Every structure is written in C-alpha cells, then in structure tokens.
Amino acid sequence: MKKNVLAVLAVLACLALVICVFAACKSKKIDTPSESPSSSQEAQSVEAESNEAENAASGAIIGSWEYTSGGYVYTFNEDGTGSYTAGSTVMEFTYEDDGSTVKILYTGNTSPNEFAYTISGNTLSIEDSFGEKVEYTKK
C-alpha cells in the first residue's frame, strides 16, 4: 500500500513539473514595427540628416560656447583645434565634427571623447558621458 501511495505521489509530482514547464513556455506575442516607416518618420529622418550636413558644412560649432550657468567654455577654432576652460584651467584639444557628433582629443590623451550634439539658434546642446544634455550659449 505504501508503494502505491509513493507511486501516485511520484506521478503527480511529474505531472506538476510538466504543467509548470508548459506554463513557462506559453506563447507571447511580440510586437514588430511596421515594415515601412510613416511619412512623418521619413520626414524627420531626412530633416535630421539635412541639419547634420548643414552643421558640418557651415562649421556651426565654430566659436566659443559658455555653459548656461557660467564658468565653463568650449572654444572650437576653424583649424580643428580648440580649448575647454573650467575656471582657471584651460585644456587644449583637437576635434573632428560631422555635424551631429564631435570627437575631442585632449592634448596628452591617446583616445578621443565623442559627444553627440545639436545646435538650435545660439544654443549648443551636448550629450555628456552620462547621457545628460548640457547646454552652452554662443558668446
């Protein structure tokens, strides 16, 4: 009799395990984006590419840009050199600009820092290494 009870319990435990496995594998619907972007998405993409090309071609980043709360200034020269001033500390650098990203190589460093940016009017918004937008005003 004890063997029969143990056999029944073993079968029930196996069934419970099988049910748990199948419940965990239940089908989930995955949303997939539509195959073709909407016309407004296409227009935004074209506009962003146009702004990037315009920024790079016009040298829009060239000039001095002061942090909106003061104390910090980026200066980008036409020859691909520049400086970052923080109080009385000045750090020289060279840079490359593609219209949406600026790569800055500080003197003495071996690898550049890369920052995404946008320019709107006289405001330069740079995305810092923490993903935060930091705004500078053209001087």
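Here is a short walk through the strands and the nonpolar core of this model. The model is predicted, so local features need pLDDT of at least 70 and side-chain atom pairs count only at pLDDT 80 or more, while totals for chains, interfaces and linings use all residues. Residues are numbered from 1 along each chain as its sequence is written, and side-chain values use heavy atoms, with hydrogens and water left out.

Let's start with β6 (residues 113-120) and β7 (residues 123-127), which pair in the antiparallel sense over four bridges. Strands here are DSSP runs of E, at least two residues, numbered from the N terminus, and two of them pair if DSSP finds at least two bridges between them. S120 sits opposite T123 in β7. Two residues separate the strands of this hairpin, and G121 in the turn has a positive phi of about 65°.

I126 faces V134 in β8. Five residues lie between these two strands, with G131 in the turn at a positive phi of about 85°.

Now for the largest nonpolar core, which has 16 residues; Y74, F76 and I104 touch the most other members. Such a core is a set of buried (under 20% relative accessible area, 1.4 Å probe, protein chains only) Ala, Val, Leu, Ile, Met, Phe, Trp, Tyr and Cys residues joined through side-chain atoms within 4.5 Å. β2 (72-76), β4 (89-97), β5 (101-106), β6, β7 and β8 each give two or more residues, and β5 provides the largest share, three. Contacts (heavy atoms within 4.5 Å) of Y74 include W65, S83, F93, I126 and Y136.

Note on methods:
Buried < 20%, exposed > 50% of the residue type's maximum accessible area, 1.4 Å probe, protein only. Lists of a residue's contacts leave out its neighbours within four places in sequence.
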